[in-house]
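Biologist: I'm new to this one. Can you put the structure up and walk me through it?
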Amino acid sequence: MSKIRLITYSIVILATIIGIPHYVADNFNIPEYSNETVDTFFYIFNSLSILYIIIPFFILELARYFFTKRLNKNLVLDSVANLITVGAFGVINYILGLLFALKLYAWAWEYRFFDELPLTWVTIASCILLADFLYYWEHRLMHELAAGWVTHTVHHSSPHFNMSVAYRFGPLDGFFPLFFSIPAVMFGFNPFLMLAAELFVQTFQAVLHTEIIGKLLKPIEYIFNTPSHHRVHHGSNRQYWDKNYAGILIIWDRMLGTFEPEEEKVVYGISEALDSVNPVKVFFHGITRFYHKLKHTKGFSNKLLSFIKRPHWMPDGQTYPPQTDKN
Amino acid sequence: MKTSNVIFKILGYFIILGGLALLIFYALYPSEIDWEINSEKNDYPTEIYEYKEPQSKSNKPTTSNSKVMLSGKWKVAYKDLGGAMVYNIKKEGTIFNAYTYEVQDENGYGEKVSPLKTLIIKSFNKKNGKGIYKISYEGKKYDVPCKIKFLNKSTFELSYDYYGQSGVETWKKQK
């Protein structure tokens, strides 16, 4: 798909998602929810879902690994490493939030382009839709820009695929979304609603990290992101690279030319396997690999370009063996 | 497909669908669960950039008194419109929001209206307060910073001055 078409489609989608709630707010009287009602909704679906769905499902996955004789030391330590990365990710996010993210949100809210949208079901649905579409783009850029892949490679580096992998985060995985959600706030979506909607997309996506569920009914597979689509996204098979970036709706991938169905058996991980369950190595391997690549790259401008080019990019006439990451 | 795969698949669907059903049940009947939300943290303040928790000199929380003073129905007469509007002020999280409740004609006959958030009181110290007044003007909506000054327990003045448009409204508490 050409870049112009890609940008045009994206602008039309964004204008539609943002325009509808503003049009509805200006022209229809829809009852507003109280803050507590919206808090409760997101508390239930973002927080309680971990307790009632994700943890029981992970236990089921462990039982399945045991019965199929795949439960080994590597898998257990890999899962432990995943949980440690989410802890480290949480600490970094907390510090980032205190240092500047919250201030940026406040600034964006103060200088927003549009009035605050009322807390109606239309606003909430639009906010989730917007968070989902922005997730598609932030996720895509984390794969297609080397600066993004430096941190996001952590999430893809596990050779296993279960719900603990959903919580395998890189050190700056919380940084990239800010470039998308902060401008979104300027369109009138309350910052706290925006954050809750983003978390909702992440929670939905976490449930997709499983091998137990096969393909679902065709209409569901056509519209929604499913475990099958997300297995493809985690595949190191060449045809699965840079595919299926979606959070909740797979239609974004279908519309923007990055959809790939699950056909060949998926081999999980990255092209140059990490081959370690050391949480420190897991968490920082993207940065260390990129650092070595930068050291190898000749020319200052080339070093700078390495950040914004694709992860495998090298200047003409230069090579960096071995080819490191996927993409 | 192996029998064990089928069993795990069924169990997987059971966990996801059962968990989802439980979450939907909780969403529909939130009083059924023993959960606790820290409303201070999870609140949705409208203007977070200038929100300040009101503090009394004695450092004792003033929330309950403020709640008693502000919560309830308030009537505002609009002479130019020849009628009045009754607002319902509710405490939501750490702020107070006023919603449209009833529109009254000049004879005092009222008609209920849909609740639209009109005023957000973000700080209040039992005498004065600050907030955002949502004004519609020539089809456009504006969030106008406003001040509140209590004249007595059942009357406060709401004043605003926004790009040359100023106004003072008297809000009277309804029994």
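Modeller: Chain B has three helices and nine strands. Helices (H or I, at least four residues) and strands (E, at least two) are DSSP runs, numbered from the N terminus.

Biologist: Before we go on, what am I looking at?
Modeller: This is a predicted model: local features need pLDDT of at least 70, side-chain atom pairs count only at pLDDT 80 or more, and totals for chains, interfaces and linings use all residues. Residues are numbered from 1 along each chain as its sequence is written, chains are lettered from A and ligands numbered from 1 in the order in which they are written, and side-chain values use heavy atoms, leaving out hydrogens and water.

Biologist: What pattern does chain B follow along the sequence?
Modeller: Along the sequence, chain B reads α-α-α-β-β-β-β-β-β-β-β-β.

Biologist: How many residues does chain B have, and what share is buried?
Modeller: Chain B has 175 residues, and 37% of them count as buried. Buried means under 20% relative accessible area, exposed over 50%, and partly exposed in between (1.4 Å probe, protein chains only).

Biologist: And the surface of chain B?
Modeller: The accessible surface of chain B is about 11,100 Å², with 53% belonging to carbon and sulfur atoms. Such areas come from the Shrake-Rupley method with a 1.4 Å probe; for residues, only the protein chains shown count as cover.

Biologist: Let's do strands. How do β5 and β6 of chain B run?
Modeller: They run antiparallel. Five bridges join β5 (residues 117-124) to β6 (residues 128-137) in chain B. Two strands pair if DSSP finds at least two bridges between them. B:I121 of chain B stands opposite B:G131 in β6(B).

Biologist: What about the turn there?
Modeller: The hairpin of β5(B) and β6(B) has three residues between the strands. B:K126 takes a positive phi near 80° in that hairpin.

Biologist: Which strand does β6(B) pair with over 10 bridges?
Modeller: That is β7 (residues 140-152) of chain B, again in the antiparallel sense. B:I132 has B:P145 in β7(B) as its bridge partner. This hairpin has two residues between the strands, and B:E138 takes a positive phi near 50°.

Biologist: Now a helix. Where is B:M69?
Modeller: B:M69 is in helix α3 (residues 63-70) of chain B.

Biologist: Is B:M69 buried or exposed?
Modeller: B:M69 is buried, with a relative accessible area of 16%.

Biologist: What does B:M69 touch?
Modeller: Leaving out residues up to four places away in sequence, B:M69 touches B:W74, B:F124, B:K126, B:F150 and B:K173. Contact means heavy atoms within 4.5 Å. B:K126 is also the residue with the positive phi in the β5(B)-β6(B) hairpin. The C-alpha atoms of B:M69 and B:S154 are 7.9 Å apart, though 85 residues separate them along the chain.

Biologist: Why does A:N244 count as buried?
Modeller: Because A:N244 has 0% relative accessibility. Its contacts, leaving aside neighbours within four places in sequence, include A:V232, A:I250 and A:F259. The side chain of A:N244 also reaches the backbone oxygen of A:H229 at 2.9 Å.

Biologist: And A:D275, buried or exposed?
Modeller: A:D275 is exposed, at 74% relative accessibility. A:D275 lies in the loop between α10 and α11 (279-296) of chain A. It has a positive phi of about 55° and is not a glycine.

Biologist: Last topic: how many residues of each chain are in contact with the other?
Modeller: 41 residues of chain A are in contact with 44 residues of chain B. The two chains bury about 3,800 Å² between them, 65% of it on carbon and sulfur atoms. Buried area here is the accessible area (1.4 Å probe) that two parts lose on being put together, summed over both. In chain A, A:E32, A:N35 and A:F192 lose the most area to chain B, together 15% of what that side buries.

Biologist: How many salt bridges between chain A and chain B?
Modeller: Two. A salt bridge is a side-chain nitrogen of Lys or Arg within 4 Å of a carboxyl oxygen of Asp or Glu. A:E116 forms a salt bridge with B:K134, with the closest N and O atoms 3.6 Å apart.

Biologist: Which helix gives the largest share of the side of chain A that touches chain B?
Modeller: That is α2(A), with 19 residues.

How values were computed:
Polar contact = N/O pair within 3.5 Å; in protein donor to acceptor, adjacent residues only side chain to side chain.
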